[in-house]
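Please load the model in a viewer and keep the selection panel open.

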Amino acid sequence: MKTTSLLSLIYLLLILLIVSSCGGETKKDNNDISTDEAVIAAGQATFEMTCGACHNFMQAGIGPQLGGLTKEVSADWIKKFIKNPQGMIDAGDERAVALFKQYNSYMPAFSYLSDEQIDQVIAYINTKDGPAFSGTNAGEALENPIPDTIQTSDITVEIKEITSLPPSGEAPLINRETKMDQIPGTDRSFVVDLRGKLYELVNGEPRVYMDMEALQPKFINTPGHGTGFGSFAFHPEFTSNGLLYTTHTEPAGSAPADFAYADSIRVKLQWVLTEWTTDPAAKAPFKASKSKELFRINMVTQIHGMQDIRFNPTVKKGDADYGLLYIGLGDGGASENGYPFLIDNLETAWGSIFRIDPAGTNSKNGQYGIPASNPFVNESDPNTVKEIYAKGFRNPHRLTWLQSGEMLASNIGHHMIEALYIILPGHNYGWPYREGSFIIDPYDDMNKVYARQMDPNDPITYPVAEYDHDEGNAILGGYEYTGSDVPELKGKYVFGDIVQGWMAFVEVSDLKLGQVATIKKLQVSMNGQPVSFKEMNNGQKVDLRLGTDAAGELYIFTKSNGKAYKVVGSKPM
């Protein structure tokens, strides 16, 4: 069975929980669901491989938790919906229509799947009850934490399709390009596909530069949701030293982890940071004269892994920050799977931004250095993870720097809030006790957020911009615009929403600690006509990504159709 298809199948099954009160003839006795251990085991294996990225039986994640699903939804109805969701929606089925209204898109049909395949998954789900929460003392939960809607600006950016990246899979994600970057001091641009290849854009056309699967025999890019060839960063002096840094995933237990936890907690997979040395002038294919594993880290699930690696592009040789590598480490899904204690202290690596010196050797494994200026280097506790630069993130998805030298991180939220932060050394950004600027209880129902309680002694550093989930679903990391093609974007940090596919900006001058900047959406046109990335992707999840070239011009990537676009100007209103 194809991973993407089955993942979408399970997604259909699980979202039914959140509309279980919609009515319709769906609540039935499901006594005919198999209780055979072999059937359940087959369903569990399928679920853990393809569904665990979005769902568990404790907390809602990317999708709702599914404990107790079969007590709410008839297995027969589920099967019909999977086989022909659009038909049920068009026929006016109450529950199917409610799903369509909530997700604003037709779900793909899975008529080619056998009943046996579906039954195995349902049998496993049927063994799980819903969570029991004791309640929190934080007050009354907020149904709409940010009532104001994001307004649309009067700026329309004109885009031009420049290329299609090679397909690395099938719908709903044609490919999984996630990051664009350059060799410092050159105009050579590269784009990575999570499924394993790094492309160089040569005259606008992608050419394979590096094949991670060929270089790393244990490389995996499943079960998806961020796994694979995660990120890359060329050393500031790559043109002379040929140093390239990459992250990728391998199966659990592939090698001893430098950052691990108690063996009573499962390991889903490992993330690996590698240093490569190559001929800096060489074109494709990439050949390494040597490579060195800097470290590897275990993850509870496949989500929120080693999200981004970057060098500070605003510093020069001789500056304290020059040549130091920043690494975004998510919580690995630990919080929503019952292990928030893996994130909320300085003795654990997860939910952090690391800063290391690749040229040093004073780390515990001796493969890299810990800068003397890191904020926790002088902690007396020997268990302190001294690589930590900042702490308290669910998913520090993208790191970037403003021209002023300030560092930003976009943090993808849980159930309610997407946030943008100014990153300062030694600061705590709240997760898993804050989602954006709102209180959350990781030991209770994490779907609920509560009003921030104003306290001058609060040790949490709050967002400089945020929005809630009636606007979007996952914040897309962006850039301060430094190009010349769109003068209207000067002085603006441009970003967007990964799922809904809209682009927006905040004024850089408004990004200040202690205040929340106003977000405004950008309008988009192509060939002079208004366009929507969601419409161009047939209403599906857009999976939007942004990049810049050496001149600071903006590029847009949409995984659902595998297209790459360039922002080439603006269109007067």
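Begin by selecting residues 325-329, which form strand β11 in this predicted model. The strand is mostly covered, with 5 of its 5 residues buried. Next, display the side chains and consider the two faces in turn. In a regular strand the side chains alternate between the two faces of the sheet. Here Leu325, Ile327 and Leu329 lie on one side of β11, and Tyr326 and Gly328 lie on the other.

Select residues 306-311, strand β10, which pairs with β11 in the antiparallel sense over 5 bridges. Within this pairing, arginine 310 has tyrosine 326 of β11 as its bridge partner. Then select residues 352-356, strand β12, which is joined to β11 by 5 bridges and also runs antiparallel to it. At this pairing, phenylalanine 354 of β12 stands opposite isoleucine 327.

Which strands make up the open sheet of 4 strands, and in what order? The order is β14-β15-β16-β19, with antiparallel pairing. Select 396-401 for β14 and 465-468 for β19: these strands stand at the edges, and each has a single partner strand, so one side of each is left without a neighbour in the sheet. Neighbouring strands of this sheet are turned by 15 degrees against each other on average, direction ignored.

Finally, select residues 407-411, strand β15, together with β14; the two run antiparallel and are joined by 5 bridges. To finish, highlight leucine 399, whose bridge partner in β15 is alanine 409.

How values were computed
Residues are numbered from 1 along each chain as its sequence is written. This is a predicted model: local features need pLDDT of at least 70, side-chain atom pairs count only at pLDDT 80 or more; totals for chains, interfaces and linings use all residues. Side-chain values use heavy atoms; hydrogens and water are left out. Two strands pair if DSSP finds at least two bridges between them. Axes are lines fitted to C-alpha atoms, for helices over the stretch in contact, and angles run from 0 to 180 degrees between N-to-C directions. Buried means under 20% relative accessible area, exposed over 50%, partly exposed in between (1.4 Å probe, protein chains only).
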